[in-house]
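This report describes selected features of the structure shown below. Please keep the sequence and the model in view while reading.

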Amino acid sequence: MLKRYAWIVFAAAWAVALPTAAYAQASVTGLVRDSSGGVLPGVTVEAASPALIEKVRAVVTDSSGRYRIVDLPPGAYSVTFTLPGFAIVRREGVELSGNFSATVNADLRVGSIEETITVTGETPVVDLQSAGQRSTMDKDVITAIPSARLYHSIVALVPGVVTSGTQDVGGVDGPVFKLFTIHGGRGNEGQITVDGMSVGAALNGAGVSYYVSDIGNSAEVAINLSAGETDRGGPVMNVVPRTGGNTYSGTFFATGASGGMQSSNFDQAIKDAGLRSPNELDQIWDVNGALGGPLVRDRFWFYWTGRHQGNRKFVTGMFNNLNAGDPTKWTYEPGDRARDGGTWKTSSLRLTLQATARNKFNIFWDEQSVCSAGCNELGGTATTSPEAHQPTEAYPSRVQQVTWTSPTTNRLLLEAGYGNYLARWGGQERPANNRDLIPVLEQGGFIPNLSYRSQLSWSRHWNGTHNWRASASYVTGAHSLKVGYVGQFLVLETTNFRQNQRLRYRFNNGTPNQLTMYGDHAATTINHTKAAGIYVQEQWTRHRLTLQGGLRYDRAWSDFPQMQVGPELYIPNAFTIPAASGVEGFNDITMRAAGTYDLFGTGKTALKVNVGKYLEAAQNSVRYTATNARNRVVTSTTRNWTDANGNFVPDCNLLNPAAQDTRASGGDSCGAWSDQLFGSQLPETNYDPAIISGWNVRPNDWQFGVGVQHEVVPRVSVEVSYNRRWFGNFDVTDNLAVGPGDFDTFSITAPLDPRLEDGGGQVIGNLYNIKPAKFGVADNLVTAASKYGDRTEYWHGFDVNVNARLQSLTVQGGTSTGRRVSDDCEIRAALPETAALNPYCRVVENFRSQFKGLASYLFPAIDVQVSATWQSIPGNSLAGNWVVANALIQPSLGRPLAGGAANATINVARPQTVFGERINQVDFRVAKIFRFSGRRAQVSVDLYNLTNSNAIEGYVQTFGSRWLTPSSVLSARFVKISGQIDF
């Protein structure tokens, strides 16, 4: 007994030293015994499925009687056990998806070789091999539920996942760019992969991009919620494209809706709350076809898809500007309602080649044309007038991939792959844009913080995301050893353009008070970021315990070619920036460990524990590109401005950085540049060498999870888990030109308002304003926050997930409850410039719960399917940003605001005291299925936002007469008609 426990301790220590795989598909594993209970080595185990182009994958049980067949694509499998002298045992209908590991055991009895025993049983639903959380939807589920068949409409149904932007209702917004995260993670950590290869943008660390994954024609979509397969710690959605087969098959899908098919939820209460117009549908469509089959039976398959989709809608609360294009007008005058829309075109081809018995290749090419907003001179947002809105395009947008798999022996598996995402993208110039008009930002007025009059900028960028992987797996029954290498090269070229005056004005209720000068017209910035990782992992099963673990070494670095700044209107003297390195080398060794234990030995209840360290994604932003000298050149600056003569022209010498007052001679008053390094070769910001190279300095987070998964009844499981994430290696910007003594403190009295904490009227103190002698002086150093004090940030909470796959009923969903705690008070005290007007340095969020899921039921007798999805999401903490006039601040400060500022914006709503309302959304579908001559057709009627909720999604957070008035509400209920034919 003592020896047994010593072995367990040793195995656990080995696991704690080790990480999980870089990329994995499903597997089948189990134990083979004879009728007396003795283990049987040498048994041939075959997994067969139409999903395998090679038809059958085979292994042999090891000395402990265990086997493991890995790297199996999604599908239905039969597992056959053969040993001379024993009857053949075959297990049918084992369904595999994602990276689920199905445990299929077998008991063989003595019998003739001709005798075959077929065993029937439910597909296992408890994973006894992996401790990670996941959510998988196969093509049948995606076809059944009311969904826009977009990545963000699918991932939004997973409990715990938080998406950016407004709530998707039936795809009204189209396939827009949405970030997603889980368990309090970084906003851009969610990743989209196709066949395990990234299709994300370089700017976003290869997370998400404008690429539109074809969810409707995928074999499955697997969302891994517990990290372990990449260097980062966020959720990964892997889309597995469908492959051809030995018979020709295909599908045609079409769906659409018009404005006449939408109800109205613009009731009197919402009107009284201040919303001027809702987000209404004009039209939406999606036409999608696919065809697949053999080019050479059992050897060469193809699968082609084509898709055309688009939307047109009225923009919430936005109206066309009647003064647009008129150089004599400086105000926004609302006219008829603004319309926006996008168009997306896609064509893809996947080839599957079994070149030899042990060498398989997958080749994938997807070509897309994307216009996601502002197409055909449409455009606008809740705070951007149409004439100031940028059409967003990505063309060409291309994904190319090739992967190779070789089960060299029944124990050795070799894999390799290369993929890229290439796109020319950016906010284009509107055809009617007048480059002589100066754009305006209005602080107050009809729509607070409204941008109007002309485009602030437009752009043309190039993205190149290249990634590759290679691995070798040595698999026996009880052991699985894998070593591998992953690499990534990210290229981002950005070019921005400005209007002729290179200015933007800021108004407060029609009165100019500030202007911004720009010096980056037609300037190109180029960034290269590279990353590589080597990992080794081990999985070991003994009796009811499975341990996983591994070590991973990651290196990331960046560099920049030679670039030029100027000559420009406000940067008249050009200068060259030489080629340089950025991050010289982040080096990290991280560990991942996990364990599962079959609590009762029945295969129906598993205790799961996992712990690991993860890294912030290497990306063309943050430290990797901030060190680019081109990015550190100050190319914009503000200056406070009093238009004394009312001619809307700053009658000052704008190239003079000093304050000027020419009002006595009929001119204006212009404050000093807010940044005295504007246009200079001297960088405003430098980086501490200690945080751009070295070991264990890359931002990271640790994750810990413990949970229990239990099979309640066959094919129904419930999983309850506790999860915690805590973050480290923060950086901070220290303006070396100033210290705490260079700031004066002041306080304000919050206005009285019953919606504020305690009705308002409280004194908000500990606010800072730079002393006038130091205004605009900058010598910034980005360095480790730990030099100045402790900064803490963590999230913890509980998840409950239910998964049921019965004969006619499918249910997936659950709840996630948690909160974030952050504290940087010591940092703010040492460096007031980091948050001069934000005294809320410690924030303890309330526990917040969300409920999400899907369900579908087929009435077999009449072939009618009903399904629904639901989401209940808590409202966010809201701000009350009060534009406080200089006159109200001066009595406490003892002087005017530095730099001649007319006002300061201060949040008078302490975080976690004012909240938006909870958003509850239910979508419903009724579908009639027709079956004829081996074909299947389906006609569906979807009702999105079934209850016609008008829950408020966005609020005006500028404190004043319009504070907390709605800026957007949930799109009203509408009907979408769909038809699909499968043949």
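## Strand 2 and its partners

Two strands count as paired if DSSP finds at least two bridges between them. The model discussed here is predicted. Strand 2, residues 44–48, pairs with strand 3, residues 56–60, in the antiparallel sense over 5 bridges. Within this pairing, Glu46 stands opposite Ala58 of strand 3.

Strand 2 is also joined to strand 5, residues 75–82, by 5 bridges, and these two strands run antiparallel. Here Ala47 has Val79 of strand 5 as its bridge partner.

An open sheet is formed by 3 strands in the order 55-54-59, with mixed pairing. Its edge strands are strand 55 (903–907) and strand 59 (958–959), each of which pairs on one side only. Helix 8, residues 886–893, packs on this sheet and touches strand 54 and strand 55; the direction of helix 8 makes about 75° with that of strand 54.

Opposite Trp882 stands Phe959 of strand 59. In general, the strands of a sheet pair through backbone hydrogen bonds, in either a parallel or an antiparallel sense.

## Gly185 in its loop

Gly185 is located in the loop that lies between strand 12 (180–182) and strand 13 (191–194). Is Gly185 buried or exposed? Gly185 counts as buried because its relative accessibility is 11%, and the cut-off for buried is under 20%.

Beyond the neighbours within four places in sequence, Gly185 is in contact with Arg725, Phe727 and Arg820. Although 635 residues separate Gly185 from Arg820 in sequence, their C-alpha atoms are 9.7 Å apart in space.

## Arg828, buried without a salt bridge

Arg828 belongs to helix 7, which spans residues 825–830. This arginine is buried but has no salt bridge: Asp824, the nearest side chain of opposite charge, is 7.1 Å away. A salt bridge would require a side-chain nitrogen of Lys or Arg within 4 Å of a carboxyl oxygen of Asp or Glu.

Which backbone oxygen does the side chain of Arg828 reach? The side chain extends to the backbone oxygen of Asn766, at 2.8 Å. Leaving aside neighbours within four places in sequence, the contacts of Arg828 include Asn766, Leu767 and Tyr768, as well as Thr834, Leu837, Pro839 and Cys841.

Conventions. Residues numbered from 1 in each chain as written. Predicted model: local features only at pLDDT ≥ 70, side-chain atom pairs only at ≥ 80, totals over all residues. Heavy atoms only, no water. Helix = DSSP H or I, 4+ residues; strand = E, 2+ residues; numbered from the N terminus. Contact = heavy atoms within 4.5 Å. Axes fitted to C-alpha atoms, helices over the stretch in contact; angles between N-to-C directions. Buried < 20%, exposed > 50% of the residue type's maximum accessible area, 1.4 Å probe, protein only. Lys, Arg positive; Asp, Glu negative; His and termini not counted. Polar contact = N/O pair within 3.5 Å; in protein donor to acceptor, adjacent residues only side chain to side chain.
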